[in-house]
Amino acid sequence: MEPTSPDVSLAAVQKKICLLGEFAVGKTSLVRRFIEGRFDDRYLSTIGVKISRRQLIRPYGKLNLLLWDLAGSDEFNGQIRANYLRGAAGALIVCDLTRAETLSGFQRYVDQIQAVGLSIPMVFVGNKVDLPESRAISETELATIAQQFGTPYFTSSAKTGENVETIFERLAEQIETKG
Ligand code: GDP
Ligand code: MG
C-alpha cells in the first residue's frame, strides 16, 4: 500500500522573491508597507538579509511570498550576492524616482540575476512617486528600460501605499504564469 499523501492542493506554495536596487531607494520600506501596512520615515539601514513572509490568496490557491531584503547595493558582491539570489522565483528591481542615477543600476541587477543562471520574472519599480516636485526619472525613461528587458513596470510609494499591492500581485502572477 502506498502511504497516504497529504492533500497537496491545500498546501501553500512558497516562492522566494528578491528585492534589488541601490541604497535607499525604498526596498525595505516597500516590504514594510506590504507586510505591516505602515511606513516609517526613519532610515534604518538593513543589516544583512531580512526575510519576511506574506501569504497571497491567488485564484489557484495560496501563495507564500518570502521576501528577501538585502542591505546595501555594492558592498556585497560575488558569493554573497549569489547566495542571496539562489533559488529566487522572482525579483523586484527598484529605483528612486527622485535620483536619476538609481535607474542606471537596473542593467547591473539583471546581469547579476543572469550571472547566477537564473531566468526569473522581474518587475521594475520606480518608488517615491509621492514626491513629484523632486522627480528626476520620467515615466518614459522607466517605460523604455522596462521595454528593453520585456518586464512590467510600476511607479509606487511605500509612503502612501500607492501600487504596493499591485507590484507584488503582478510579480506573483508572472511567477504563476511561468509555471
Ligand atoms: P532601502 O535602502 O532601499 O531599503 O531604502 P529604505 O526603505 O530604507 O528607504 C530609504 C529612505 O527613503 C527612508 O528614509 C524611507 O523613509 C524613504 N522612503 C522609502 N520609500 C519612500 C516613498 O515611497 N516615499 C518617500 N517620500 N520616502 C520613501
Ligand atoms: Mg533596506
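Modeller: Lys16 lies over the face of Trp68, with 3.5 Å to the ring centre. The model is predicted, and these values are computed from it. As for rings with rings, a search of the whole structure gives four aromatic pairs. One aromatic cluster is formed by Phe106, Phe124 and Phe149.

Now the ligand. Around ligand 1 there are 19 residues, and those that come nearest are Ala24, Lys27, Ser29, Asp130 and Ala158. By class, the shell around ligand 1 divides into seven nonpolar, five polar and seven charged residues. Helix H1, residues 27-36, supplies the largest share of this shell, with three residues.

Several polar atoms of the protein can be listed against oxygen atoms of ligand 1. In the side chain of Lys128, an N or O atom is 3.0 Å from an oxygen atom of ligand 1. Ser157 takes part through a polar side-chain atom, which lies 3.5 Å from an oxygen atom of ligand 1. On its own, ligand 1 has 580 Å² of accessible area, and the protein covers 90% of that area.

How values were computed. Residues are numbered from 1 along each chain as its sequence is written. Chains are lettered from A and ligands numbered from 1 in the order in which they are written. This is a predicted model: local features need pLDDT of at least 70, side-chain atom pairs count only at pLDDT 80 or more; totals for chains, interfaces and linings use all residues. Side-chain values use heavy atoms; hydrogens and water are left out. A residue is near a molecule or strand if one of its heavy atoms lies within 4 Å of it. A polar contact is a pair of N or O atoms within 3.5 Å; within protein, one must be able to donate a hydrogen and the other to accept it, and residues adjacent in sequence count only if both atoms are side-chain atoms. Accessible areas come from the Shrake-Rupley method with a 1.4 Å probe; for residues, only the protein chains shown count as cover. Helices (H or I, at least four residues) and strands (E, at least two) are DSSP runs, numbered from the N terminus. Ala, Val, Leu, Ile, Met, Phe, Trp, Tyr, Cys and Pro count as nonpolar, Asp, Glu, Lys and Arg as charged, and the others, Gly among them, as polar. Rings of Phe, Tyr and Trp (its six-membered ring) pair if their centres lie within 6.5 Å; planes under 30 degrees apart count as stacked, over 60 as edge-to-face and the rest as tilted. A charge sits over a ring if NZ of Lys or CZ of Arg is within 6 Å of the ring centre and within 35 degrees of the ring normal.
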